[in-house]
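Good morning, colleagues. Please look at the structure on the screen while I take you through several of its helices.

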Amino acid sequence: MAVTDEAIEKIKGMITSGALRAGDRLPREADLAAELGLSRSSLREAVRALSLVNILDVRRGDGTYVTSLEPRLLLEALSFIVDFHRDDTVLELLRVRRILEPAATAMAAERITDSETVWRGLTQTGTMAQTLAEHQAILDALAAHEPEIARSWATVHIAGVEQWLASVL
């Protein structure tokens, strides 16, 4: 694992474990680098990468903070990356997903109650088939190198999930 990737994983681990929460200020660079066993330059690169995907907010003269981690904010970064998607950036997109999705799962695990075992696939008839069909359409568009069609199917898929979630909350 590259040193910068290791630094990203360590910061992500602090966020997903709850050691750092939304809105928290990170320790001083020198202190955090020492705590994580990283060089300051590796830490700086990790902070820069995490700020690009809206996980961290670097405020000159004030410090670095964990963002609100609101889905809207995190999706802005993902949307920006997808807008410039090229074949050679697929791995970069997966690296971003590797950062965001485990954190989102950890947040859900912290907040879920016993009465929230509501999963769309269990509560709506035909949802699994629909989800698989939408994912297949996205894959087909990717294979055909049709970015707008892929974007459209992804939008349809996410909007459907969003609509369902809004109806059960």
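I will begin with the basis of the model and then turn to the helices.

This is a predicted model, in which local features need pLDDT of at least 70, side-chain atom pairs count only at pLDDT 80 or more, and totals for chains, interfaces and linings use all residues. Residues are numbered from 1 along each chain as its sequence is written, and side-chain values use heavy atoms, with hydrogens and water left out.

Consider helix α1, residues 3-17, and helix α2, residues 29-36: their axes come within 11 Å and cross at roughly 95°. That makes α1 roughly perpendicular to α2, a term that covers angles of 65 to 115 degrees. On the α1 side, K10, I11 and M14 meet L32, E35 and L36 of α2; contact here means heavy atoms within 4.5 Å. By class, this contact has four nonpolar, no polar and two charged residues.

Next is helix α3, which spans residues 40-52. Its 13 residues reach 18 Å from the first C-alpha to the last, close to the 18 Å expected at 1.5 Å a residue. Which residues of α3 are buried? They are S42, L43, A46, V47 and L50, where buried means under 20% relative accessible area with a 1.4 Å probe, protein chains only. These residues cover an arc of only 135° around the axis, which puts them on the same side of α3. Just after α3, N54 takes a positive phi of about 60°.

Finally, E134 lies in helix α7, residues 127-143. E134 counts as buried, at 6% relative accessibility. Leaving aside residues up to four places away in sequence, E134 touches W153, V156 and H157.

Technical notes: Helix = DSSP H or I, 4+ residues; strand = E, 2+ residues; numbered from the N terminus. Expected span 1.5 Å × (residues − 1). Buried < 20%, exposed > 50% of the residue type's maximum accessible area, 1.4 Å probe, protein only. Arc of directions from axis to C-beta. Axes fitted to C-alpha atoms, helices over the stretch in contact; angles between N-to-C directions. Parallel < 35°, antiparallel > 145°, perpendicular 65-115°, else oblique. Nonpolar A, V, L, I, M, F, W, Y, C, P; charged D, E, K, R; others polar.
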